[in-house]
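Me: I am new to this structure and would like to go through it piece by piece. Could you take my questions as they come?

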Amino acid sequence: MRTLPEGDDLVATGADLEPATLLTAYRSGYFPMPLQRRRIGWFSPDPRGVLFPGELKVSRSLTKSMRRFRFTTNAAFDEVIRACGDPIRPHGWIDRNIIQAYTQLHHMGWVHSVEAWDDEGLAGGLYGLRIGGFFAGESMFHRRTDASKAALVHLSSVLGHRPHSIIDVQWSTDHLESLGVRAVDRRIYGDLLGRALDLSPVESFDVAPNF
């Protein structure tokens, strides 16, 4: 792995996507994204987008939309990650190697999906990696309006409003900040990450679908 100068969101290149590499990276505050020529880039955005589950802002319209959906965890992981990695999506970055690596971590119990269903089937969802009280949200998708945001609300309820638990959304945007995401500098993120990693994991990802 080649380390790059501090102050850049891209902090290193190289290495692999083996489970041990990925888990070590997330515990250190890094996450991977493919670069050109099949290289792997390791990112640590500064500032970092962080959501405390208890600070999620749910609008009245989203609360109303939530009633249209049913939610599951880990019920359709393959469909969720492939929908997130659909090559026709703008700015898509989830390639075959990413899908294979995170599917392996899913089978090992580290990576989870949240699904939102309606009468037509899978309406949206998200997936990410969980260690202790830390959840790294990797990607989300929707086929129906508000389905991905509804999945995020359900994720927040699954994680619970425990002190020091965090959802890492990587880069903050105006849209995410409207949902309660904070933009924190890299040093503060490191402190938040350490506290979240020390928490015991919740078991709610293993519950049966709530149809």
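Me: How many bridges join β8 to β9, and which way do the two strands run?
Reply: In this predicted model, β8 and β9 run antiparallel and are joined by 8 bridges. Within this pairing, glycine 124 stands opposite histidine 142 in β9.

Me: What about the hairpin of β8 and β9, how many residues are between the strands?
Reply: There are 2 residues between the strands, and glycine 132 takes a positive phi near 60° in that hairpin.

Me: And β7 to β8, how many bridges there?
Reply: β7 and β8 are joined by 8 bridges and run antiparallel. Valine 114 has leucine 126 in β8 as its bridge partner. These two strands form a hairpin too, with 2 residues between them.

Me: Is β8 mostly covered or exposed?
Reply: β8 is mostly covered, with 10 of its 11 residues buried.

Me: Stepping back, what order do the strands of the open sheet come in?
Reply: The order is β6-β7-β8-β9-β10-β5-β11, which makes 7 strands with mixed pairing. The edge strands, β6 (70-73) and β11 (182-184), each pair on one side only. From one strand to the next, the twist averages 30°.

Me: How is β5 joined to β11?
Reply: Strand β5 (residues 48-51) runs antiparallel to β11, and 3 bridges join them. The partner of valine 50 in β11 is arginine 182.

Me: Now the helices. Which strands does α5 touch?
Reply: α5 packs on the sheet and touches β5, β6, β7, β8, β9 and β10 (166-170). Its direction makes about 155° with that of β9.

Me: Is α5 buried or exposed?
Reply: 11 of the 13 residues of α5 are buried, so the helix is largely enclosed by the rest of the structure. Among the buried residues are Leu152, His154 and Leu159.

Me: How far does α5 reach, and what follows it?
Reply: Helix α5 (residues 147-159) reaches 18 Å from its first C-alpha to its last, close to the 18 Å expected. Glycine 160 follows α5, and its phi is positive, near 80°.

Me: Where does α4 lie?
Reply: α4 lies across β7 (111-118), β8 (121-131) and β9 (134-142), and runs at about 95° to β7.

Me: At what angle do α1 and α4 cross?
Reply: The axes of α1 (residues 19-27) and α4 (residues 96-107) cross at roughly 85° and come within 10 Å. The two helices are therefore roughly perpendicular to each other.

Me: Which residues meet there?
Reply: Pro19, Leu22, Leu23 and Tyr26 in α1 meet Ala101, Tyr102, Gln104 and Leu105 in α4. By class, this contact has 7 nonpolar, 1 polar and no charged residues.

Notes:
Residues are numbered from 1 along each chain as its sequence is written. This is a predicted model: local features need pLDDT of at least 70, side-chain atom pairs count only at pLDDT 80 or more; totals for chains, interfaces and linings use all residues. Side-chain values use heavy atoms; hydrogens and water are left out. Axes are lines fitted to C-alpha atoms, for helices over the stretch in contact, and angles run from 0 to 180 degrees between N-to-C directions. Helices (H or I, at least four residues) and strands (E, at least two) are DSSP runs, numbered from the N terminus. Angles under 35 degrees count as roughly parallel, over 145 as roughly antiparallel, 65 to 115 as roughly perpendicular and the rest as oblique. Contact means heavy atoms within 4.5 Å. Ala, Val, Leu, Ile, Met, Phe, Trp, Tyr, Cys and Pro count as nonpolar, Asp, Glu, Lys and Arg as charged, and the others, Gly among them, as polar. The expected span of a helix is 1.5 Å times one less than its number of residues. Buried means under 20% relative accessible area, exposed over 50%, partly exposed in between (1.4 Å probe, protein chains only). Two strands pair if DSSP finds at least two bridges between them.
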